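I opened the model today and went through one chain. My notes follow in the order I looked things up.

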Amino acid sequence: MGAAREGPVGWRVLLRFAAILIALNLAYYAEKKLGGAVVDEPYTHAVTWTSAQVARAVLPYSVQSSGRGIVAGGRHSLFIASGCNGLEAIFLMLAAIAAYPATWRRRLRGLAWYLPALFALNLVRVVALVHVAHSHHDLMDVAHYQVAQGILILFVLAFWVHYLRGVDG
Amino acid sequence: MARCWPTLVRLLVAFAVWSWVVAQALPAYARVVVPAASALLELVRPHGVGVELLREGGYVAFRFAVPGRGGVSGQFSFALLTYNAVLYLTVLSAVPGPPLRWRLRFLAMAAPAAFLLHVADLMMAVESQVLSAVQEEHFDFLHDFGLWFSTVKVYNFLSIMAVRQVVLLGVYYLQWRFLPWREVAGPPAGTNSLAE
């Protein structure tokens, strides 16, 4: 089987990962149910506002934001829902790094690199969706429901593999 | 860091290719998943409600009638339900190590799991809509807690936030780690690319 050769990513790490991921999401769910004033609303508004600023800088048409909504070219609007604000990727990264055995210094250094990178990548994702909504509306469903959903998860996977190489030397 | 770039580029290229392929194949796949979920819902008749499921473009439309409330309808994006297949196919094809024959075996083993997951996920999404209509009072969970109602709502939230993303990647990891592809193939260069 060769399982023993594969290093310490074993059942214990997988179970710890699942437990941390579920705990983070349940905490987020409860926070949303209680009004979302601490995490959900401020974080989603921050993503919306920052994405709109970036979009305004790089896209050749007017972009406005209000609350969770972004309007491009005065017509095409995008609503940043709770499952679209990038927190799901942040939680995956947090759980993956916290679950794997490493010193806390190493974990914190990993989080200090990867979480801002994921936030930035999410901004790129939202800006790209704003552009698709404005200029390639026929591709919006594929771009939104398929590509944009998976791309951040792919980066989480790549960052985690990169982190493991650093931890295991 | 330098060793990670080729893996990241391979993952991104594979993701782009599989996103296109899956987008083409989704209507055919929906013709299998939606009738299967529809037949099971007809069998189960959640809370005595007959639910009609229909394919409408890239969406799955649902309709049902609740006594005293009338008709309820809505739709789910089928791509949103199944995008994890793209993630699985991406890692299956882009992570170096297993020979082609073993990758095909991985795929053959994962396909039924993916199908069952997609059918179950669709049924749970419908169940959540039915519960919203027939047990509306449980939304006030502090005063009128419903165990099944809360379980379904929490499951759907977890499904959107985490389950869809990690389940098929987890299936790949288990296949990669526990199936004996190394014994047959020998240890080719790059087999350590997942998590060593």
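This is a predicted model: local features need pLDDT of at least 70, side-chain atom pairs count only at pLDDT 80 or more; totals for chains, interfaces and linings use all residues.

**Hairpin.** I looked up strand 1 (residues 52–56) and strand 2 (residues 59–66) of chain B. They run antiparallel and are joined by five bridges. I found Glu56(B) opposite Tyr59(B) of strand 2. Two residues lie between the strands, and Gly57(B) has a positive phi near 65 degrees in this hairpin.

**Whole chain.** I then stepped back to chain B as a whole. I noted six helices and three strands. From the N terminus, the order is α-β-β-β-α-α-α-α-α. The C-alpha trace spans about 65 × 40 × 30 Å along its principal axes. Of the 196 residues in chain B, 48% are buried.

**Helix 1.** How far apart are the end C-alpha atoms of helix 1 of chain B? I got 48 Å for 41 residues, short of the 60 Å that a straight helix would reach at 1.5 Å a residue. I checked for a bend and found one of about 50 degrees at Leu26(B), with Pro27(B) following within four residues. Just after helix 1, Arg45(B) takes a positive phi of about 40 degrees.

**Surface patch.** I looked for nonpolar surface next. Val9(B), Val13(B), Val17(B), Trp20(B) and Val21(B) make a patch of about 470 Å². Trp20(B) sits in helix 1, residues 4–44. Is Trp20(B) buried or exposed? Its relative accessibility is 59%, so Trp20(B) counts as exposed; the cut-off for exposed is over 50%. I also noted the general rule that α-helix residues three or four places apart point the same way, because a turn takes 3.6 residues.

Note on methods
Residues are numbered from 1 along each chain as its sequence is written. Chains are lettered from A and ligands numbered from 1 in the order in which they are written. Side-chain values use heavy atoms; hydrogens and water are left out. Patches are made of residues with over 30% relative accessible area and no salt bridge: like charges are joined within 9 Å, nonpolar side chains (Val, Leu, Ile, Met, Phe, Trp, Tyr) within 5 Å. Accessible areas come from the Shrake-Rupley method with a 1.4 Å probe; for residues, only the protein chains shown count as cover. A salt bridge is a side-chain nitrogen of Lys or Arg within 4 Å of a carboxyl oxygen of Asp or Glu. Buried means under 20% relative accessible area, exposed over 50%, partly exposed in between (1.4 Å probe, protein chains only). Two strands pair if DSSP finds at least two bridges between them. The expected span of a helix is 1.5 Å times one less than its number of residues. The bend at a residue is the angle between axes fitted to the seven residues ending there and the seven starting there.
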